[in-house]
Amino acid sequence: MARHQVSDRDRTYLRYAIELSRRSRDAGKHPFGALVVDARGSIVAEARNNSLPPDGDPTQHAELVAVSLAARSLSVEELARATLYSSAEPCAMCAGAIYWCNIVRVVYAMSEARLLVLTGSHPDNPTFQLPCRDVFARGQRAIEVIGPVLEDAAAEPHAGFWR
């Protein structure tokens, strides 16, 4: 597998996704954040996780919400030049949403494997142990995936949360 270069711009947007995950935790929600950035470098959508019961919706992961918002404001062609940045590796559900929204570049901070170490068997996060690269590999279009990057920083908002 080819290693892709991580730019300073990528790191900046990942730090912002991690900040969104902190804000999500501060609001009493699961600590995840994501944003979609267009080809010009403008943030077109951002989201924090809103899946925590009883008020949240289990499908409202930050990545799914961010790509859904971006799909409402960008054309299919613009989405194909956009990047999704996430504080954590997209799960299988979110990877499907990314694929169907035509985003072809994903940069994430913390791997799903590292997340599983932090969450253990917590009932709010029954992770699939299915890397997003494996989900994307089953599709008909190539999706560039870069990550994990800044994994220790991304793990910080999770410290003590999954007890």
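1. Cysteines first: there are 0 disulfides in the structure, a disulfide being a pair of cysteine sulfur atoms within 2.5 Å. As background, a disulfide is a covalent bond between the sulfur atoms of two cysteines. C101 is in no disulfide either, with the nearest cysteine sulfur, that of C94, 11 Å away. C94 has 0% relative accessibility and so counts as buried, and C101, at 16%, counts as buried too. The cut-offs here are under 20% relative accessible area for buried, over 50% for exposed, and partly exposed in between, with a 1.4 Å probe and protein chains only.

2. A word on what you're looking at. This is a predicted model, in which local features need pLDDT of at least 70 and side-chain atom pairs count only at pLDDT 80 or more, while totals for chains, interfaces and linings use all residues. Residues are numbered from 1 along each chain as its sequence is written, and side-chain values use heavy atoms, leaving out hydrogens and water.

3. Now the core. The largest nonpolar core has 48 residues, and V36, V67, L84 and F136 have the most contacts inside it. By nonpolar core I mean a set of buried Ala, Val, Leu, Ile, Met, Phe, Trp, Tyr and Cys residues joined through side-chain atoms within 4.5 Å. Helix α2, residues 62-73, gives the most to this core, with 6 residues. Helices (H or I, at least four residues) and strands (E, at least two) are DSSP runs, numbered from the N terminus.

4. L84 deserves a look of its own. You'll find L84 in strand β3, residues 83-88, and its relative accessibility of 0% is why L84 counts as buried. Setting aside neighbours within four places in sequence, L84 is in contact (heavy atoms within 4.5 Å) with a list of residues including A34, L35, V36, A66, V67, I98, I103 and V107. That list also takes in E63 and R105. R48 sits 36 residues from L84 along the chain, and their C-alpha atoms are separated by 13 Å.

5. How do α2 and α4 pack? They meet at an angle of about 15°, with their axes 8 Å apart; helix α4 covers residues 92-100. That angle makes α2 roughly parallel to α4. For reference, axes are lines fitted to C-alpha atoms, for helices over the stretch in contact, and angles run from 0 to 180 degrees between N-to-C directions. Angles under 35 degrees count as roughly parallel, over 145 as roughly antiparallel, 65 to 115 as roughly perpendicular, and the rest as oblique. On the α2 side the contact is made by E63, L64 and V67, and on the α4 side by M93, C94, A97 and I98. So C94, buried at 0% relative accessibility, is one of the α4 residues making this contact.

6. Most residues other than glycine have a negative phi, and most peptide bonds are trans. The peptide bond from G147 to P148 is cis, with omega near 5°, and P148 is in the loop between β5 (144-146) and α7 (151-155). L150 lies in the loop between β5 and α7 as well, and has a positive phi of about 65° although it is not a glycine. At 23% relative accessibility, L150 counts as partly exposed. N102, also not a glycine, has a positive phi of about 75°. N102 is found in the loop between α4 and β4 (105-110), and is buried, with a relative accessible area of 13%.

7. A109 is in strand β4 and, at 0% relative accessibility, counts as buried. A109 and G147 are 38 residues apart in sequence and 6.0 Å apart in space, C-alpha to C-alpha. Not counting residues up to four places away in sequence, A109 touches P148, V149 and L150, among others; the list also includes L14, I18, S86 and A154.

8. Last, two residues with some surface showing. P54, in the loop between β2 (43-48) and α2, is exposed, with a relative accessible area of 76%. R23, in helix α1 (residues 8-26), is partly exposed at 34%. Not counting residues up to four places away in sequence, R23 touches Y16 and R48.
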